Amino acid sequence: MSEELNMPQMGYDMKEGVVIKWLKEEGSEVKIGEPVAEIETDKAVVEFESYAEGILEKILVEEGSKVNVGEPIAIVGDGTNIMEEEEEVEEEVQEEVQEEVQEEVQEEVQEEVQEEVSIDQKIKASPLAKTLANDNNIDLNNVIGTGPGGRIVKSDILQLIDNVETTEKVKINFKSETNDVESQIQDIDSTVKEENKMRAQIARVTQRSKQEVPHYYLSTDINMDKALEIRSQINSKLAYQNIKISINDMIMKSVIDTLKKFPIFNSRYENGTVNMNEEINVSIAIAMEDGLIMPSIINCNDMDIKQLSISSKDLVDRTKNGKLTGAEYTKGTFSISNLGMFDVNSFLAIILPPQTAMLAVGSVKKIPIVSPEENIMISNIMNASLSADHRVTDGAGGAKFLAEIKNNLENPVNLII
Amino acid sequence: MAELTIRESLNKALREALDNNENVFIMGEDIGMYGGPYAVTKGLLEEYGSEKIMDTPISESGFVGAAIGASMAGMKPIVEIMTINFSLLAMDQIVNHAAKIHYMSDGQLSVPIIIRTVTGAGGRMGATHSQSFEGWYASVPGLKVVSPSNAIDALGLFRSAINENNPVIFVEHSMLYGVKNEIPDQYYETPIGLPKVLEKGNDLTLIAWSGMIPLAKLVSTELNKRNINTEIIDLRSLNPIDFELIFESVKKTNKVVILDEYWETGSFGSYISSVIQEKCFDYLDGPVGVINSLNVPMPYSAELEDKVIPNIDRALSKIKELFGF
Amino acid sequence: MSNIDKETARSYLLEMSKIRHFEEACGRMYMQGKIKGFLHLYIGEEAIAVGAISQLTNQDYVITHYRDHGHALARGMDPNKIMAELYGKKGGSSRGKGGSMHLFDKKLNFMGGYAIVGGHLPIAIGLGLALKKQKKDGIVLCFFGDGAVNEGEFHESMNLAALWNLPVLFYLENNQYGMGTHVKKSSAAADILYKFADLYGMPATRIDGMDVLTVQDSAKEAINKIRTNGGPVLIEAMTYRFKGHSMADPASYREDSEVKQWEDKDPILLFKEYVKENNLLTDIDISNIENEVKVIIQNCLKFAENSPLPDMSVAMDKIYYSDN
């Protein structure tokens with residue numbers, strides 16, 4: 001019995017991925033969850049973990065190959081297929097090799113055809129724009145269309161070519177001491193391309209979310225006085241372990257506890273139905289130089305605040321190094337975006353489908369407030385705004401959810417017991 | 001240089017034909033005593049006599065067939081069918097016979113006739129008198145179809161048609177007879193099959209013919225106000241068509257809209273569109289647009305007819321829809 | 001009835017037999033798949049083509065309907081070229097582009113077979129109009145069937161010919177069936193079709209189309225009238241097609257007795273009896289004619305068989321007239 005390993009979908013709008021590197025050789029043993037390959041998506045390189053167990057009988061695509069999501073890249077089985085092959089006489093093996101080469105060529109051709117079809121389907125571009133993009137090695141994924149209905153038209157491509165040419169000139173002048181102009185241009189090309197790739201990806205995801213997901217928004221002020229106090233106590237106790245709990249860790253903990261109470265906010269909306277997620281995987285927005293990534297801490301249902309802190313720090317580090325796993329990259333169930341460090345009072349986030357809600361938190365600021373005893377006092381106030389999918393939940397439910405988060409943070413003992 | 005209307009230039013063309021070729025004669029309904037329904041043949045009966053200028057019964061199949069037969073026997077008949085709507089009564093003669101005799105006889109016989117007829121809407125003539133069937137005839141191998149939009153081409157195309165040894169459907173537009181142009185004094189011919197660039201531009205190609213040319217100019221003027229420079233191509237001939245000039249224009253502007261007075265379904269404009277998208281696909285920066293009359297029999301009321309025929313509002317909104325300007 | 005000489009008798013019998021054998025050969029070749037499409041046989045009607053066309057001069061025009069093999073042969077068209085045309089071969093009269101229903105031979109002023117019922121009548125008017133304008137002596141012999149009489153183009157043409165006084169002989173071959181519909185079911189004036197001519201002030205007569213000499217005499221008279229007066233004449237010749245409308249037609253709509261009755265009037269059998277009774281031809285003469293015809297038919301089949309198939313350049317040629 002053999003099972004195919006298919007190009008995984010690592011993003012709700014991912015259509016294809018590139019096998020960057022095989023981590024296992026043909027004939028080696030693989031376990032479920034064991035990384036077998038590095039896959040490059042539009043945004044990052046992620047490890048592809050095997051969902052089958054046995055012997056890696058056959059690697060179907062070479063490193064560097066682009067494969068549509070869902071198409072096989074390797075076969076895992078009990079090893080009998082390899083045994084049979086070894087028993088065959090050499091001549092036949094040679095014939096087979098030749099056949100395989102032919103098949104591969106055919107497959108490549110087919111892949112190319114399919115690739116073109118899929119581009120046609122997902123990107124609206126005029127024939128001329130496609131020709132120009134092709135001639136100039138421009139990936140239409142990276143181009144924002146300004147024609148009717150968002151169609152990519154000639155002027156969009158020409159503008160891009162202009163930009164690239166300008167960049168090239170600047171950089172070439174800058175580095176004119178070296179003679180290797182050709183490779184510089186390639187460097188520049190790939191830089192421009194990568195930047196655009198991230199931008200285009202964000203553009204597509206947010207645009208689609210805004211178009212498809214009916215957002216509603218709720219906002220509240222949270223008094224963080226007690227949370228800050230308890231945080232400094234914890235941090236002083238953990239200092240010897242070199243662990244430092246952040247406000248964000250506390251917010252995460254509050255959100256996780258609240259999600260357990262209101263699991264509907266930990267759901268995903270797909271094809272008209274709401275599916276509950278058992279795992280709580282909290283995504284956190286991580287700002288990169290050229291954009292934004294939202295990786296998640298996997299299965300944090302039962303993590304205490306210390307574990308959360310460790311995990312989130314690790315996640316941030318690996319994000320910046322491009323070492324995320326596929327699951328971390330794609331399996332978030334609820335997101336938190338924190339712009340506190342940028343002195344933002346409050347903001348509203350765009351939900352990351354298929355998730356159904358996101359919490360946006362601003363800076364903690366000292367503000368005069370009226371205490372329950374009707375005294376004016378100075379407190380540490382943080383605004384938190386919930387964006388939620390109205391197809392899944394309603395305002396009243398959202399209000400209870402947000403109130404619970406607020407309650408947890410204002411009575412932070414809840415977070416450590 | 002003399003300034004002539006299309007009506008006058010055609011009258012001049014007919015006189016030339018009668019003067020230069022003894023085999024030429026003209027036949028049609030009310031072209032003699034009455035002076036021609038659109039007055040194109042005015043004065044010819046008095047000058048050339050009833051042998052050359054033959055009034056016919058209202059018998060379209062009969063006299064068109066007679067012209068075909070006479071041409072096969074060495075004559076050069078010019079037939080006037082009062083309107084293209086009536087030509088349907090002679091469709092058998094035109095399509096089954098005129099277009100095919102040369103081919104079916106493998107060149108033994110030929111049919112060198114000119115059928116002049118009048119196309120188009122706009123005259124508040126109602127559903128049966130406002131149709132534009134030139135595209136039908138243009139689709140038939142063996143026929144040549146021309147459709148001038150100005151007096152210069154009317155004269156030039158007629159001179160070419162007279163020298164043709166093939167059946168030529170010479171389509172005049174009922175609303176254009178008064179269009180005036182300076183006619184060059186020296187003799188010239190307008191080649192059948194060669195479109196003409198009426199206005200040069202880089203942003204959008206407008207293709208039209210006959211009664212749609214004035215609209216094309218109107219659209220161009222409006223777009224010019226927004227700094228969109230249109231190139232207007234007057235097809236002049238519907239069969240044959242030298243597409244090279246069209247392709248050149250499309251490769252330059254990357255955007256095309258075709259104006260066609262016929263209905264939307266199966267229009268000649270759609271044929272032009274299909275050729276362009278097939279031959280210039282990689283040069284197109286948007287869909288090839290075709291603007292037609294709406295798919296209804298032409299209503300009589302002026303209020304309604306103006307909205308059914310392609311008009312400036314519809315053209316501009318279509319262009320905006322297709323190209324965003 | 002006029003007397004004819006031996007040579008004329010020989011000629012009529014030869015021409016009629018040639019048509020008969022040619023058509024029978026066509027029928028066989030059709031069944032063998034050598035000939036495709038529509039094939040309308042003239043068997044039974046031979047006396048009309050031969051008798052009428054024999055009265056023409058070279059400058060006269062013949063124009064006819066789709067059952068045109070007989071007229072083409074009687075006008076002198078080369079059987080080889082006709083058969084090759086039916087085979088769809090390059091050696092055909094139109095290199096395979098016309099087919100059975102569209103035979104043309106300009107050199108013989110055979111202006112063609114036309115396959116839209118009534119469609120060629122206005123063209124015949126045009127040929128007459130040209131003759132008149134060119135002040136030539138010729139006439140136009142235009143064959144059509146009883147089916148065409150119900151077409152508007154028949155009446156338009158009759159009107160124009162009479163109105164403009166054109167030299168046209170309207171030759172109505174009344175074989176009594178428009179495809180499978182009897183004339184009585186298609187015309188309110190079935191018994192007197194020729195009388196339509198009266199309405200247009202045109203002389204007209206009805207004759208026995210199974211007797212070649214009657215056909216000859218009436219045609220001669222009509223043509224004289226036309227040449228003298230300039231104006232048109234109509235002849236209605238009563239006849240019968242012995243076969244179905246086309247090869248696809250078993251003619252089940254006709255009673256056997258009706259077919260038998262007409263077969264008894266077979267124009268070739270009748271004429272053979274006549275020439276023997278009047279000592280114009282002997283049995284040996286007739287046998288020689290039969291043999292001569294057999295050779296002609298064998299040769300035309302061989303010619304058609306050996307003729308090359310046309311290539312696509314033929315298909316794309318002569319769509320339009322061009323000087324080169």
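Two residues are in contact if their C-beta atoms, placed from the backbone, lie within 7 Å. By this criterion, the contact between chain A and chain B takes 9 residues from chain A and 11 residues from chain B. On the chain A side, helix 3 (residues 127-135) supplies the largest share, 4 residues; helices (H or I, at least four residues) and strands (E, at least two) are DSSP runs, numbered from the N terminus.

The model is predicted: local features need pLDDT of at least 70 and side-chain atom pairs count only at pLDDT 80 or more, whereas totals for chains, interfaces and linings use all residues. Residues are numbered from 1 along each chain as its sequence is written, and chains are lettered from A and ligands numbered from 1 in the order in which they are written.

Chain A as a whole comprises 11 helices and 18 strands. Of its contacts with a separation of 6 or more, 63% join residues 24 or more positions apart.

Chain C contains an open sheet of 6 strands in the order 2-1-3-4-8-7, with parallel pairing; two strands pair if DSSP finds at least two bridges between them. Strand 2 (110-113) and strand 7 (204-208) of chain C are the edge strands, each pairing on one side only. Within this sheet, strand 4 (residues 168-174) and strand 8 (residues 233-238) of chain C pair in the parallel sense over 6 bridges. C:Leu172 has C:Glu236, in strand 8 of chain C, as its bridge partner.
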